[in-house]
Structure formats: C-alpha cells, structure tokens
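Welcome, and please take a look at the model below. This briefing walks through its confidence, its salt bridges and one of its helices.

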Amino acid sequence: MPAPILGATVPDHIPDRPPKTPPPPKRPISPPRPDASLATTARVGMLVRNRRAANWQLEAASWSPAKAAAHVLRRLHEWGHAEVNRPAQELTELLVRTAVADGGRRVSVHLADQGREALIVALSHQPVHAAADPDLLPELARLGARSCGTDTAEDGRRVWAVFAL
C-alpha cells in the first residue's frame, strides 16, 4: 500500500470496483411535437426603415381599390415618380381588390420606395384560411411586378408587389 499523503484523510474501506451506474431508460424521452397550424404560427412583422414610406387605412368596400390607387399615385408623384401611373395603379387595384375579397371591415395599404423600386402591400385584417388564388401571382407579374407574394396569418392576408419606378 502506498504511503499516505500528509494532511489527507484515508477512508477506512476502498471499494474494489466503481459504483454501479443506473441502467439506461428503455425508450429515450422525446420532446413534444411542434404544432404547425396557422393558429400558432407567428408571422414576421413588416419593418420599413431608411426609406420613404406611407400607409392608409380604408374601409373594405367596392370603391377601395380605386381610392387606394389614387393615394398611391399621389404619393409617388410627390416623391418625383410621375412616369409610373399605369403599373402603380393596376398593381394597387389588384392588391387591394384581393384584400377586400377576404371579407374584412378594413384594408390597409402600405407604400415604400427605395432606389428605383417601389413596394405596395395590402393587408386584409381578416383571418382567412382559404388557399390563395393561383392566378394572383402570375397576374401581378403580368402587370409589371418584379417580385410579388402573399401570406396568410391570424391578422389577415398580406399581398405585396415590388415594381420598377
């Protein structure tokens, strides 16, 4: 037996083998499965920074697409983009018409520009769980959208288009 170290306590009995380890669990514990329904899916908020932007709240009515287009055109003209009348008007009217079709009480329209592009977004504020119209995105592209999209969440359907100024 080796010589004890000065100041160290020596146990009376030293075990011959290491302590017994508990057996592994029969089945590994799995975490709960995530809920993939729309009710719990959080939509990333829209953030517009370091560029000019405007927005309007409108009643969801048959006249809303034309009124929204007038607001968008007036603001684009104020910003010095007078040559984009037709694409801006047609895109705005289609976006707002799509949001109005969801059946909510109001629609919000958002406009932002950066460089030589503008973004128009329409939000329906009506929870919709129906599938999006498959003809919407090709129609937006035909009207001059460089990029477009749609998504649906509890706060409503959001449809958007980016076009050249």
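Here are some lead points, followed by notes grouped by topic.

This is a predicted model, in which local features need pLDDT of at least 70, side-chain atom pairs count only at pLDDT 80 or more, and totals for chains, interfaces and linings use all residues. Residues are numbered from 1 along each chain as its sequence is written, and side-chain values use heavy atoms, with hydrogens and water left out. Across the whole structure, a search finds eight salt bridges (a side-chain nitrogen of Lys or Arg within 4 Å of a carboxyl oxygen of Asp or Glu).

**Confidence**

- The protein has a mean pLDDT of 81, with 78% of its residues at 70 or more (pLDDT is the predictor's confidence in each residue, from 0 to 100).
- Confidence is highest in helix 1, at 93, and lowest in strand 4 (residues 145-153), at a mean of 87; helices (H or I, at least four residues) and strands (E, at least two) are DSSP runs, numbered from the N terminus.

**Salt bridges**

- Arg116 and Glu83 join their side chains in a salt bridge, at 3.2 Å from N to O.
- Arg116 sits in the loop between strand 2 (106-114) and strand 3 (117-123), and Glu83 in the loop between helix 1 (64-78) and helix 2 (85-100), so this pair ties together parts 33 residues apart in sequence.
- Arg116 counts as partly exposed, at 49% relative accessibility (buried means under 20% relative accessible area, exposed over 50%, partly exposed in between, with a 1.4 Å probe and protein chains only).
- Asp102 and Arg157 form another salt bridge, their closest N and O atoms being 3.1 Å apart.
- That pair links distant parts of the chain, 55 residues apart: Asp102 is in the loop between helix 2 and strand 2, and Arg157 is in strand 5 (residues 156-164).
- Both Asp102 and Arg157 are buried.
- Arg158 pairs with Asp151 in a salt bridge, with 3.1 Å between the closest N and O atoms.
- Arg158 is buried, at 15% relative accessibility, while Asp151 is partly exposed, at 25%.

- Ala82 lies in the loop between helix 1 and helix 2 and is partly exposed, at 46% relative accessibility.
- The C-alpha atoms of Ala82 and Leu165 are 8.9 Å apart, although 83 residues separate the two along the chain.
- Buried residues of helix 2 include Ala88, Leu91, Leu95 and Val96.
- Among the elements covering the buried residues of helix 2 are helix 1, helix 3 (136-142) and strand 5.

Methods: Contact = heavy atoms within 4.5 Å.
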